[in-house]
Amino acid sequence: MVLKDFLVEGRVAIVTGGGRGLGHAIALCLAEAGADVAVAARTREQIEDTAAEVRKLGRRALAVPTDVTQADDVDGLVQRTLDEFGHVDILVNNAGIAPVRPLVPMLGSQPKPAAGAWDFSRPTSEEEFDLVMDTNVRSVFLACRAVGPHMMGRSKGKVINVASMGGLRGWDYHTLYTASKAAVINFSRSLAREWARYDINVNVIAPGRFPTEATKGQMADEHIRRDLLRRIPLKRFGEPREVGLLAVYLASPASDYVTGQTFGLDGGAMVLP
Ligand SMILES: NC(=O)c1ccc[n+]([C@@H]2O[C@H](COP(=O)([O-])OP(=O)(O)OC[C@H]3O[C@@H](n4cnc5c(N)ncnc54)[C@H](OP(=O)(O)O)[C@@H]3O)[C@@H](O)[C@H]2O)c1
């Protein structure tokens, strides 16, 4: 028997970036725990597939094509969810990108780009800076702004922002990414204070290394893969479902007394120097 405090039955969740990877796993775990789910991202087939899997679990689902960098899209996502399901209890801001590149080309020996990495031979552009900040930070601001009045009105809500272990420490060739995730962590801490009086919990999941579309280039490179594993005390990469399980805890009544926290989910990597 499952402790009822860990269930989210009758609750409605929005999961951004729910078409694949960690967001897909989060959407399915929330559905398994009882939630109806609105799945958002730009690739329609992927969000429709996730929505179909949610329905197979016996929950209601909505696939809403959304570019999380665009205010109109994000406002529309929240409104569609309200129109369809009547309320929003859980917001998971998971959509994100993780480009790997040196800030400017390195003098002397160049790092070898893994498959899918951005061009290492020229300086990072302002457009790339904006793309990372818009996708990883602006998106969180827009979605919280869109659900805030509704959650405040009900004096109830769970906001879960997916940052990264990289938001808590430095990583080579990840300046923009780690800066964006650090911003998400501190945005969440401040919002947790601001919204605590409405019983809205705001917490952060900081994943370590998980095999997804975003990381497959790095993980396919045997040298990088071995190096990454060497830095994980539990000696394996995480399973996307493990992020989903933590999201269920943070979405459920079991975490009602937890807010403003960042949960590392990294096989112990953060305890290494
Ligand atoms: N995998 C890891 O090891 C790891 C580690 C730490 C943190 N994270 C974080 O976890 C989150 C999910 O990562 P992942 O590994 O699952 O990546 P992924 O497999 O590439 O999935 C990213 C998701 O975000 C969506 N997305 C990206 N840009 C978007 C936009 N402008 N508008 C709407 N949706 C957008 C993508 O859909 P579309 O492209 O179809 O829009 C996709 O559904 C990210 O925030 C990432 O930084 C991942």
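This is a predicted model: local features need pLDDT of at least 70, side-chain atom pairs count only at pLDDT 80 or more; totals for chains, interfaces and linings use all residues.
A backbone N or O atom of Gly 17 lies 3.3 Å from a ligand oxygen. For a backbone N or O atom of Leu 22, the distance to an oxygen atom of the ligand is 2.9 Å. Tyr 177 uses its side chain instead: a polar atom there lies 2.8 Å from a ligand oxygen. On its own, the ligand has 880 Å² of accessible area, and the protein covers 95% of this.

Aromatic rings were examined next. A pair of aromatic rings is described by two values, the distance of the centres and the angle of the planes. The count comes to 3 aromatic pairs. One of the pairs joins Trp 171 and Tyr 177. Their ring centres are 6.2 Å apart, and their planes meet at 15 degrees. Planes under 30 degrees apart count as stacked, so this pair is stacked. Trp 171 and Tyr 177 are both buried. The charged end of Arg 209 sits over the Trp 171 ring, 4.2 Å from the ring centre.

His 174 belongs to a loop. This loop runs between strand S5 (157-162) and helix H5. The relative accessible area of His 174 is 7%. Buried means under 20%, so His 174 is buried. Its side chain reaches the backbone oxygen of Asp 172, at a distance of 2.9 Å.

Ser 252 is placed in another part of the chain, in the loop between helix H8 (240-251) and strand S7 (262-265). Its relative accessibility is 0%, and therefore Ser 252 counts as buried. Along the sequence, 95 residues separate Ser 252 from Gly 157. In space, the C-alpha atoms of Ser 252 and Gly 157 are 9.9 Å apart.

Notes: Residues are numbered from 1 along each chain as its sequence is written. Side-chain values use heavy atoms; hydrogens and water are left out. A polar contact is a pair of N or O atoms within 3.5 Å; within protein, one must be able to donate a hydrogen and the other to accept it, and residues adjacent in sequence count only if both atoms are side-chain atoms. Accessible areas come from the Shrake-Rupley method with a 1.4 Å probe; for residues, only the protein chains shown count as cover. Rings of Phe, Tyr and Trp (its six-membered ring) pair if their centres lie within 6.5 Å; planes under 30 degrees apart count as stacked, over 60 as edge-to-face and the rest as tilted. Buried means under 20% relative accessible area, exposed over 50%, partly exposed in between (1.4 Å probe, protein chains only). A charge sits over a ring if NZ of Lys or CZ of Arg is within 6 Å of the ring centre and within 35 degrees of the ring normal. Helices (H or I, at least four residues) and strands (E, at least two) are DSSP runs, numbered from the N terminus.
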